[in-house]
Amino acid sequence: VIWTMTSKHRESLLLPVRIPLFRGLFGKRVFIIRKKDQERFDKVNTLEDLGQLVAGQGMHWPDVDVLQANNLRVTTANRSGSLIKMLKAQRFDYYPRAVTEAWHELSNLDDDELVVERGLMLEYPTAVYFFVSPKNKALAERIETGLARLIKDGRFDVFFNAHPRVKQGLAELNAGPRRLIQLENPGLPDIWPPPGARYWLEKDGPVEA
């Protein structure tokens, strides 16, 4: 069993359990940037503005295709650990991370040169699923049944809302409005969105278009 962001390609290789583990938050992206560059991002208001800058992403991440499909420039690295070094070396300008990742990762770095950009957010449709071997449908069904039961009786919500990354990410989003740039995701799987409105957050942190 693995958990990862879904895409049409990944679903062609593995069997997904179509319950979004982060309830849509994985498609809300803020940027890790060099602290000294905040003024450059203060001037970004549109997708075209953002296209003048360069993002950094992992080479095989589905996000690369999403960004490029929306005419954003991307530099990639084979290892995610290299991206922070590349950002500091000015190989690219911003490192998009899900709101459940950015502040957590930055706190672990303990690096005064880097911050989470304060005014922008990308948003595109995506989800993180559990995946299993296509040969193991029984396991997929068991995982799906278990998750559905947890969601129905409320235990999933209790765990989700108490998770440190979720709490911090939502708290930071609620701290103030962000200029929202919405992207299309051409790599969405054929079954989208997964059935079940209960699987998604009913209320997002406040943002402004």
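Visitor: Where does A102 lie?
Guide: In this predicted model, A102 lies in helix 6.

Visitor: And is A102 buried or exposed there?
Guide: A102 counts as buried, because its relative accessibility is 0% and buried means under 20% relative accessible area.

Visitor: What is A102 in contact with, if I skip its neighbours within four places in sequence?
Guide: Leaving those neighbours aside, A102 is in contact with V30, I32, R97 and V116.

Visitor: How many residues apart in sequence are A102 and R165?
Guide: They are 63 residues apart in sequence, while in space their C-alpha atoms are 9.0 Å apart.

Visitor: Which residues of helix 6 are buried?
Guide: In helix 6 the buried residues include A102, W103 and L106. These residues cover an arc of only 90° around the axis, which puts them on the same side of helix 6.

Visitor: What follows helix 6?
Guide: Helix 6 is followed by D110, a residue whose phi is positive, near 50°.

Visitor: Which way do the residues of strand 6 point?
Guide: Y95 and R97 point one way from strand 6, whereas P96 and A98 point the other way, and all of them are buried. As a general rule, in a regular strand the side chains alternate between the two faces of the sheet.

Visitor: In what sense do strand 3 and strand 6 pair?
Guide: Strand 3 and strand 6 pair in the antiparallel sense, over 4 bridges, and F31 stands opposite P96 in strand 6.

Visitor: Changing topic, which residues of helix 5 are buried?
Guide: Helix 5 covers residues 81-88, and its buried residues are L83, I84, M86 and L87. Seen down the axis of helix 5, these buried residues fall within an arc of 165°, so they line one face of the helix.

Visitor: What does the face turned away from the buried side carry?
Guide: That face of helix 5 carries the exposed residues G81 and K85.

Visitor: What do the buried residues of helix 5 pack against?
Guide: They pack against several elements, among them strand 3 (28-34), strand 4 (54-58), strand 5 (73-77) and helix 6 (102-109).

Visitor: Which residues touch the most other members of the largest nonpolar core?
Guide: Of the 61 residues in that core, L25, V30, F31, L50, Y94 and L183 touch the most other members. Taking L50 as an example, and not counting residues up to four places away in sequence, L50 touches F31, V44, L72, Y94, L122 and I181.

Visitor: One more topic: what is the order of the open sheet of 3 strands?
Guide: The order is 1-9-2, and the pairing is antiparallel. Strand 1 and strand 2 stand at the edges, each with a single partner strand, so one side of each is left without a neighbour in the sheet. The twist averages 45° from one strand to the next.

Visitor: Which helix packs on the sheet?
Guide: Helix 7, residues 137-153, packs on the sheet and touches strand 2 and strand 9, and the direction of helix 7 makes about 10° with that of strand 2.

Methods: Residues numbered from 1 in each chain as written. Predicted model: local features only at pLDDT ≥ 70, side-chain atom pairs only at ≥ 80, totals over all residues. Heavy atoms only, no water. Buried < 20%, exposed > 50% of the residue type's maximum accessible area, 1.4 Å probe, protein only. Helix = DSSP H or I, 4+ residues; strand = E, 2+ residues; numbered from the N terminus. Arc of directions from axis to C-beta. Contact = heavy atoms within 4.5 Å. Pairing = 2+ DSSP bridges. Core = buried A, V, L, I, M, F, W, Y, C linked by side-chain atoms within 4.5 Å. Axes fitted to C-alpha atoms, helices over the stretch in contact; angles between N-to-C directions.
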